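This report describes the fold of one protein chain for a reader who has the coordinates at hand. Please consult the sequence and structure shown here.

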Amino acid sequence: MEALIDCITKCQEFKDQLEDNFTYNLISIKWLNRSKTITQTQDINNPKKIPILNLDLVDDYYSNIIAYDDPQYNYFLNEKLKLNIDYLCISQDLWQSLVVALQNLQQNPLEYYTFKTLFKDGTFINQNLKIQLIPLYEGVTNIIEGFQCFSRDWTIQHTIQIFEKLLNQQLTIQVPQNNFIKFYMFKNEPQDFRQFIKLFHENQLLFEEFKQDIQYLKNGQLLIIDIQALNKKFSIKQDNNILEQRIHIHLEETEISNKGFSVYESQESLLSCLFKNYECSDKIRNFINTNSKDHFNLNEIIEESYYGSQAILCYESKDFELLKEHSITITESRYETIYVNRQPQKVLFDHNMTVKQLAEKYLPQSEYLFECSNNYYTEIINPDMLLCQLPKNYIYNLTKRQQYEEELEITINRCFIENVGILKSYKNFDVIRKLYINKQAKFFDLHLEIANLYEETNLVAYKETIFNKKYELIFQTNQQGNEKCSYCDLKLCNNCIVKFIDQKLNLKINKVVVYAIYGQPIQTEREKPIIIKNYNLEDYFNFYKSEEEFLILDINQDQINQQVLSYPQQIHAYQLCGLIEKIDRSNYQTYCKLKEKWVLFNKEGYKQVEGIMQNLKVAKLFYEKIN
């Protein structure tokens, strides 16, 4: 016991002894404090009271797609925790001494979690990376967002060897011994998984094979593993003729182009139209010039075009976020359906109401949970977010929730079994949902909470009409990275049935994934957003109080009757200086006001028009403040 106390004391005193280019182990401050108290004041003959080492540093929301043989790579560090507040760095020798002291005390294999960090140039670099790994192979119809732990120390050859060995061990079908997988990274990396799905379905993703070592990846980066032996229908093919993301500037030798009004041509028609409005508006062009340090490329594009030069210029993604980054107002309003405790409510998503205000309106004086969900993921929304900023084409659920001192987060997937060759997989047919339950609750309570997400019921009705009649509940095992599964206490576990018993849950973890498995997908009737019959800009944006020099208003075309959309030439102190019209799925054209005359720009060129009609399929409106 003295050896353990001595190790704990040394750990607490180690934080100011860091040397450059040395690797250190992380240790939980909470574990140190609790363990020292137990060893000094409580029953030292009962080592089971000492908590699992570093358990509270683990982010149990994530688990590897493919389990490693080495357990230290099968769990993830909670990235919200901070050095010297939640954990300390200690030397590897001190860590090993601590582990030995605990093993000697407990006289059995010790369960613990290892995290390492490199101290270099005054900065800590975590040795492990959390990579968003997307497996692609034959039969993939429901791409999932998977995560995998990688070590910065691995070479790409070593990484491929590890994965080929693991796939040979874990796949139930025969694959070659080697040379059957490749890793790919994105040339145009999506911002997140939602954008990846969008670009994937639109066939706009650009790939290149990843051949560097793992140290060149950044934390959270998207990476594709292409399992080629299973890949008879899907393959990553790159057309050498595909243009990289560049803007091609084409100048016409005419009077109007000599004045600096050239026609942009690029892969993205909408982007071309945006640049045309930037170029034609003195206020926007001057704003870009003022912020040229942050947006050098964009400023260069505008200047090159303005002075009549011909060039092919690269652009950066931050240039397209220009308006958002500098808080230039982009507004939109729309009607959507919110499910309040399962009941649909039509709600106007205007630019003033926040999620919190919505919750106070429908669930006054109640704790609440607001979710934005689809079949791939569910996200809890910040209460201060404006409703108009919520992503489109998702299901929004507002439900009451009770907060507990110790609570369990449950993620529920409604799915059915889909056969993929000789393999079976779960395929979601409804949006993913979350609920929270007291850690001291019983299995009965968990069954009822899940059932009440979809229909109101009680214990008697659940037994008679739902339990084992509509679906089966199973836990997603967390045996990967652990010696035993938390639910069934077995060493070899696939998925565990959620028992229907009058016993406390007594789970050691904070987050759980549950699958509700149906025999076949059921039809889920959803309220569709209504069409706005009278869209008046002044009803959705307060032009009178705005102090911005220029405004860009996004119009939600899917919910607006274009024939009654009014976009006046002048509203209070603002005048219309441009608009972008959607022609079809991938083509736009823009109207710009030049010296009180309107000019139409599109891929055919440009022409002067008498004015603009009021029944265009408008995507964006540009307004400038009148001097």
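The sections below proceed from the chain as a whole to selected sheets, cores, helices and a single side chain.

## Overall composition

The model is predicted. Its protein chain comprises 627 residues, of which 46% are buried. The secondary structure amounts to 15 helices and 31 strands.

Among the contacts with a sequence separation of 6 or more, 68% link residues 24 or more positions apart.

## The four-stranded sheet

An open sheet is built from four strands in the order β2-β1-β3-β4, with antiparallel pairing. Its edges are formed by β2 and by β4 (123–126), each of which pairs on one side only. On average, neighbouring strands in this sheet are turned by 40° against each other, with direction ignored.

Within the sheet, β1 and strand β3 (residues 116–120) run antiparallel and are joined by four bridges. Y24 has T117 of β3 as its bridge partner. Helix α2 packs on the sheet, where it touches β1 and β2, and its direction makes about 55° with that of β1.

## Nonpolar cores

The largest nonpolar core contains 33 residues, and those with the most contacts inside it are I27, W31, L98, L102 and F115. The elements contributing two or more residues to this core are α1 (2–12), β1 (22–28), α2 (29–41), β2 (87–91) and α3 (92–106). Helix α3 supplies the largest share, namely six residues.

What does W31 touch, leaving aside residues up to four places away in sequence? The contacts of W31 are I8, I50, P51, I52, L53, N54, L98 and L102. Two of these partners, L98 and L102, are named with W31 among the core residues that have the most contacts.

## Packing of α13 against α14

Helix α13 (residues 443–451) and helix α14 (residues 459–466) have axes that come within 11 Å and cross at roughly 75°. Angles of 65 to 115 degrees count as roughly perpendicular, and α13 and α14 are therefore roughly perpendicular to each other.

On the α13 side, the contact is made by F444, H447, L448 and A451; on the α14 side, by L459, Y462 and I466. These residues divide into six nonpolar, one polar and no charged.

Strand β29 (residues 597–602) and strand β30 (residues 605–609) pair in the antiparallel sense over five bridges. The two strands are joined by a hairpin through two residues.

## A buried lysine

K130 is located in strand β5 (residues 128–136). Is the side of the cut-off on which K130 falls buried or exposed? Buried means under 20% relative accessible area, and K130 counts as buried because its relative accessibility is 12%.

Not counting residues up to four places away in sequence, K130 touches Y62, F76, E79, F147, Q148, N219, G220 and Q221. The charged residue E79 is one of these contacts.

Terms used:
Residues are numbered from 1 along each chain as its sequence is written. This is a predicted model: local features need pLDDT of at least 70, side-chain atom pairs count only at pLDDT 80 or more; totals for chains, interfaces and linings use all residues. Side-chain values use heavy atoms; hydrogens and water are left out. Buried means under 20% relative accessible area, exposed over 50%, partly exposed in between (1.4 Å probe, protein chains only). Contact means heavy atoms within 4.5 Å. Axes are lines fitted to C-alpha atoms, for helices over the stretch in contact, and angles run from 0 to 180 degrees between N-to-C directions. Angles under 35 degrees count as roughly parallel, over 145 as roughly antiparallel, 65 to 115 as roughly perpendicular and the rest as oblique. A nonpolar core is a set of buried Ala, Val, Leu, Ile, Met, Phe, Trp, Tyr and Cys residues joined through side-chain atoms within 4.5 Å. Two strands pair if DSSP finds at least two bridges between them.
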